[in-house]
Amino acid sequence: QDTAWITGCDFLPQLKYVVAVTESTVVIWDYKSDDNKNNGYVIKPMKNCLLCVCTVTTSDHLAKDTILMGDDKGYVYLLPMTSDDFIMKQYKAEKESQFRILDSENFNILKRKLHDDWVGKVKYISALKCFGSCSSDSLRSFVLDDIKRLEDNLPAREFSVPRGVNAFTYCGKAKVIVTGG
């Protein structure tokens, strides 16, 4: 029944679902489902406003996808998902709803504050086996590091750019990361 802007979306290649984030929810949608009801899940509530999302693509686990998200307080989140998460987690079904509600407290969502301002974009760069995140924060504008930095408290590789970074991409052929602010 809630309405909210979708602030980012991506595809979960192992689970074959679409993931989207809104201000306070993570939406997992089974786009292949013939059933008009119960073809998706909503994970809520999320404490901060989610702004961007991407999938961590690794080939080591066939029944698992990992989701990276960024929020308006400078946090980057790591949410591993398996098909068991949809079977085992309890949900409360709303009448006439096509989405089942999952409590965010039932998931092991890692988060780490990497920026002092909004996270504008998160991306996993499989060629580098690193994730990147950017912000308009002038001190910690761009972070590029191993995904394990979200699980520990070791310093992350960060770069400062006056007035921050709004966008970035990686070119494998040139072996260069391009940022724009």
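Two strands are said to pair if DSSP finds at least two bridges between them, and strands themselves (E, at least two residues) are DSSP runs, numbered from the N terminus. The structure examined here is a predicted model, in which local features need pLDDT of at least 70, side-chain atom pairs count only at pLDDT 80 or more, and totals for chains, interfaces and linings use all residues. Residues are numbered from 1 along each chain as its sequence is written, and side-chain values use heavy atoms, leaving out hydrogens and water.

Strand E13 (residues 142-145) runs antiparallel to E14, and two bridges join them. Within this pairing, Phe142 stands opposite Phe159 of E14. Both strands belong to an open sheet of four, ordered E11-E12-E13-E14, with antiparallel pairing. Because E11 (119-125) and E14 (158-159) each have a single partner strand, they stand at the edges, and one side of each lacks a neighbour in the sheet.

Rings of Phe, Tyr and Trp (its six-membered ring) pair if their centres lie within 6.5 Å; planes under 30 degrees apart count as stacked, over 60 as edge-to-face and the rest as tilted. Five such pairs occur in the structure. The rings of Phe142 and Phe168 have centres 4.9 Å apart and planes at 65°, so this pair is edge-to-face. Distant parts of the chain are linked in this way, since Phe142 lies in E13 and Phe168 in strand E15 (residues 167-171), 26 residues apart.
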